[in-house]
Amino acid sequence: MASVNKVILIGNLGKDPEVRHLEGGVAVARFPIATSETFKDKNGERQERTEWHNIVLWRGLAEVAEKFLKKGQSVFIEGKIRTSSYQDKEGNQRYSTEIVADNMTMLSGREGGGGNSSSGGGFQASASTQSSGQASAATAGKGNASAFQNDEPDDLPF
């Protein structure tokens, strides 16, 4: 039976992306985004709940994030959930859950962090994991296109 691991989030960056360049020049960006929901509790009072998500971007998407994303900006993320486990210093088993993004759209312009993107226009970047090596296009406000590719290997357990 087939399964689906798909995440779609719209939220605000909690801090500027932290970008590392691995051996071979591969860029990896990490940053948290916050999503919030409002609801009325049993007493009819309005409540707000904020959830934090750790986002990971690879290669071209990481480079776009490094150049254009700033704390406070709104962003649309599509990707998949990946959980890893490790042992902390005391030997306890710990788990880390991240969203590995393969599509990102900047929703806010200059507000919320002074980003360099044009105000009012979104910027979309996608990463392809196609085996043919084809890159998806990233488009900016007036139709300019650049290619980005995500060559991150899939860690399939089967």
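**Entry 1: Ile8**

I started with Ile8, which sits in strand β1. I keep in mind that this is a predicted model. Is Ile8 buried or exposed? I looked up its relative accessible area and found 53%. The cut-off for exposed is over 50%, so Ile8 counts as exposed.

Next I asked which residues Ile8 touches, not counting those up to four places away in sequence. I found Phe76, Ile77 and Glu78. I also checked Ile8 against Lys80, which is 72 residues away along the chain. Their C-alpha atoms are separated by 8.5 Å.

**Entry 2: the partners of β1 and β5**

I then looked at the strands themselves. Strand β1 covers residues 7-13, and strand β5 covers residues 74-87. In which sense do β1 and β5 pair? They pair in the antiparallel sense, over six bridges. I picked out Leu9 and noted that it stands opposite Ile77 in β5. Ile77 had already come up as a contact of Ile8.

β5 also pairs with strand β6, residues 93-106. I noted the antiparallel sense again, here over 13 bridges. Lys80 stands opposite Val100 in β6. I went on to the hairpin of β5 and β6 and found five residues between the strands. Gly91 in this hairpin takes a positive phi near 85°.

**Entry 3: Ala34**

I moved on to Ala34, which lies in strand β3, residues 27-40. Is Ala34 buried or exposed? Its relative accessible area is 14%. Buried means under 20%, so Ala34 is buried.

What is Ala34 in contact with, leaving aside its neighbours within four places in sequence? I listed Gly11, Asn12, Thr50, Glu51 and Trp52. I also looked up Ile10, which is 24 residues from Ala34 along the chain. The C-alpha atoms of the two are separated by 8.4 Å.

A reminder to myself on strands: in a regular strand, side chains alternate between the two faces of the sheet.

**Entry 4: the whole chain**

The chain has 158 residues, and 35% of them are buried. I then took the contacts between residues at least 6 apart in sequence. Of these, 51% join residues at least 24 apart. The chain exposes about 10100 Å², and carbon and sulfur atoms supply 46% of that area.

How values were computed: Residues numbered from 1 in each chain as written. Predicted model: local features only at pLDDT ≥ 70, side-chain atom pairs only at ≥ 80, totals over all residues. Heavy atoms only, no water. Pairing = 2+ DSSP bridges. Helix = DSSP H or I, 4+ residues; strand = E, 2+ residues; numbered from the N terminus. Buried < 20%, exposed > 50% of the residue type's maximum accessible area, 1.4 Å probe, protein only. Contact = heavy atoms within 4.5 Å. Areas by Shrake-Rupley, 256 points an atom, 1.4 Å probe, with all protein chains shown as cover.
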